[in-house]
Amino acid sequence: MGSVRKASAWLGLVEDNDERYYDDEYAEEAEGGDAWKTDPRVRVAAEPGRGAGRRIATVTPDSFRDARTIGELFRSGVPVIMNLTAMDPSDAKRVVDFAAGLIFGLRGSIDRVATRVFLLTPADTEIVTGDHAGRAEDGFFNQS
């Protein structure tokens, strides 16, 4: 798979046909059980968190017109999860380009969560991955 194809697959703009990491068990579980449904519009936490900045918005745009909602939420400092799975690939590419300009202009970051699902985080937001959890320096296993 060429680098342009890999980048397009990473952005979720084309199907990823690289089956080296395909897990048959996961696919069977996903088909059989109740699939997660995403609200087709915006969902923001109804009650504010106990601390500032504890809200995350989920946006599933239907077309490029909904990019304004993403921009307004992100500009107000709310991390945004963009679910582009319901969009036409050409419109999804336009929304990703818009988001790239948005995060560049506001010094944020963009991370791919799943195929055609992205997390936009403002500059003052820290993303904690599973790699940092459970380390010895955190004190749980350090029982000396």
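Reader: In what order do the elements of the chain run from the N terminus on?

Author: They run α-α-β-α-β-α-β-β. That is four helices and four strands. Bear in mind that this is a predicted model.

Reader: What pLDDT does the chain average?

Author: The average is 75, and 62% of the residues score at least 70.

Reader: OK, the inside. Which residues have the most contacts within the largest nonpolar core?

Author: Ile-70, Phe-74, Val-80, Met-82, Leu-84, Val-95 and Leu-120, in a core of 18 residues. E1, H3, E2, helix H4 (89-105) and strand E4 (117-121) each contribute at least two residues to this core.

Reader: Which element gives the largest share?

Author: H4, with six residues. As a general point, nonpolar side chains in soluble globular proteins tend to be buried together.

Reader: And what does Leu-120 touch, leaving out residues up to four places away in sequence?

Author: Its contacts are Ile-70, Phe-74, Pro-79, Val-80, Met-82, Ala-99, Ile-103, Ser-109 and Ile-110.

Reader: How much of the chain is buried overall?

Author: Buried residues are 25% of the 144 in the chain. The accessible surface is about 10,700 Å², and carbon and sulfur atoms hold 50% of that.

Reader: What share of the contacts with a separation of 6 or more is between residues 24 or more positions apart?

Author: That share is 46%.

Reader: Switching to Asp-66. Where is it found?

Author: Asp-66 sits in the loop between strand E1 (57-59) and helix H3 (67-75). Its side chain reaches the backbone nitrogen of Asp-62 at 2.8 Å.

Reader: Why is Asp-66 called buried?

Author: Because its relative accessible area is 12%, and buried means under 20%.

Reader: Now Arg-107 and phi. What is the value there?

Author: Phi of Arg-107 is near 60°, which is positive in a residue other than glycine. Arg-107 is in the loop between H4 and strand E3 (109-114).

Reader: Is Arg-107 buried or exposed?

Author: Exposed, with a relative accessible area of 71%.

Reader: And Arg-116, what is its phi?

Author: About 60°, again positive although Arg-116 is not a glycine. Its loop is the one between E3 and E4.

Reader: Buried or exposed, that one?

Author: Arg-116 is buried, at a relative accessible area of 14%.

Notes. Residues numbered from 1 in each chain as written. Predicted model: local features only at pLDDT ≥ 70, side-chain atom pairs only at ≥ 80, totals over all residues. Heavy atoms only, no water. pLDDT = per-residue confidence, 0-100. Buried < 20%, exposed > 50% of the residue type's maximum accessible area, 1.4 Å probe, protein only. Polar contact = N/O pair within 3.5 Å; in protein donor to acceptor, adjacent residues only side chain to side chain. Contact = heavy atoms within 4.5 Å. Areas by Shrake-Rupley, 256 points an atom, 1.4 Å probe, with all protein chains shown as cover. Core = buried A, V, L, I, M, F, W, Y, C linked by side-chain atoms within 4.5 Å.
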